[in-house]
Amino acid sequence: MSAPSDPAPGEGAVDTSASSEIDVDHAAVVRVEHELGRLIARIRVAWREAAVTVHPELQPLGYQVLTSILSGKAATAGALIERLQTDKSAVSRQVRQLEQLGLVESIPDPEDGRARRLVATPLAQERVALARSRYEGRIGERLRKWSTADLDHFATLLADLGGG
C-alpha cells in the first residue's frame, strides 16, 4: 500500500495562506459594513433634523426631494423617482406637500409645454441653507481635520462604492 499523496490544488487542498487572507478581508468588509450602517443612521437623523428645520411637518423624504430639486439634479417627478430610487406615489405625496408648504412650485417646462418642472421657492432656498449650515458645521468639523488628499481619496472611494 502506498502513502496517500497530497491532493492537487483545487482537489481538496487547503491553502492556509489564502485562508487567512480571506479571513482578514472578511473582517475588514464586516467592519466597513458596520461603519457604513452607523454613518447611514447618522445621516437619517441629520435628514430628520434638517426636514424639521425647513418645516415642522416635512418628512425626511420630503427634504431629500426638496434638496434634489434645489441641486438641479432632479426637476421632474420622473427624475426624482430615479434619483431617490423610490416609487411614484411617495414622490407625488412629497411634491404635493412641498407645494402646499410654499416650498416648491410646478411650472410649465419651457422646452416642452406638456411637461412640468419643479422649482424651489426663495423660502425653500433660505430654509434649506439654514438646515445645511447646521449639518455641514457638524460634519465639516470632522472633515476639516483631514488632508485634501485624504478627502479626495475618500470621495473617490465613496463614488466607486456607490457605482459611479
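First, a convention: a crossing is left-handed if the near helix is turned anticlockwise from the far one by less than a right angle, and right-handed if clockwise. Helices (H or I, at least four residues) are DSSP runs, numbered from the N terminus. This is a predicted model, so local features need pLDDT of at least 70, side-chain atom pairs count only at pLDDT 80 or more, and totals for chains, interfaces and linings use all residues. Residues are numbered from 1 along each chain as its sequence is written, and side-chain values use heavy atoms, with hydrogens and water left out.

Now the packing. Two packed helices are described by the angle between their axes and the distance between the axes. Axes are lines fitted to C-alpha atoms, for helices over the stretch in contact, and angles run from 0 to 180 degrees between N-to-C directions.

Start with H2 and H3. Their axes come within 10 Å and cross at roughly 115 degrees. The crossing of H2 and H3 is right-handed. Who touches whom? Contact means heavy atoms within 4.5 Å. From H2 we have Leu 61, Gln 64, Val 65, Ser 68 and Ile 69; from H3, Leu 80, Arg 83 and Leu 84. By class, that is five nonpolar, two polar and one charged. Ala, Val, Leu, Ile, Met, Phe, Trp, Tyr, Cys and Pro count as nonpolar, Asp, Glu, Lys and Arg as charged, and the others, Gly among them, as polar.

Next, H3 (residues 77–84) and H4 (residues 88–100). They pack at about 120 degrees, axes 10 Å apart. H3 and H4 are therefore oblique to each other. On the cut-offs: under 35 degrees is roughly parallel, over 145 roughly antiparallel, 65 to 115 roughly perpendicular, and the rest oblique. This crossing of H3 and H4 is right-handed. Ala 77, Leu 80 and Ile 81 of H3 meet Lys 88, Val 91 and Val 95 of H4. The classes here: five nonpolar, no polar, one charged.

The angle is about 110 degrees, and the axes are 11 Å apart. So H2 is roughly perpendicular to H5. The crossing of H2 and H5 is left-handed. H2 brings Tyr 63, Leu 66, Thr 67 and Leu 70; H5 brings Ala 124, Gln 125, Val 128, Ala 131 and Arg 132. That contact has six nonpolar, two polar and one charged residues.

Last, charges. How many salt bridges does a search of the whole structure find? Two. The definition is a side-chain nitrogen of Lys or Arg within 4 Å of a carboxyl oxygen of Asp or Glu. Arg 38 and Glu 35 form a salt bridge at 3.3 Å, N to O. They sit three residues apart in H1 (residues 16–54), so about one helical turn separates Arg 38 and Glu 35.

Definitions and conventions. Helix = DSSP H or I, 4+ residues; strand = E, 2+ residues; numbered from the N terminus.
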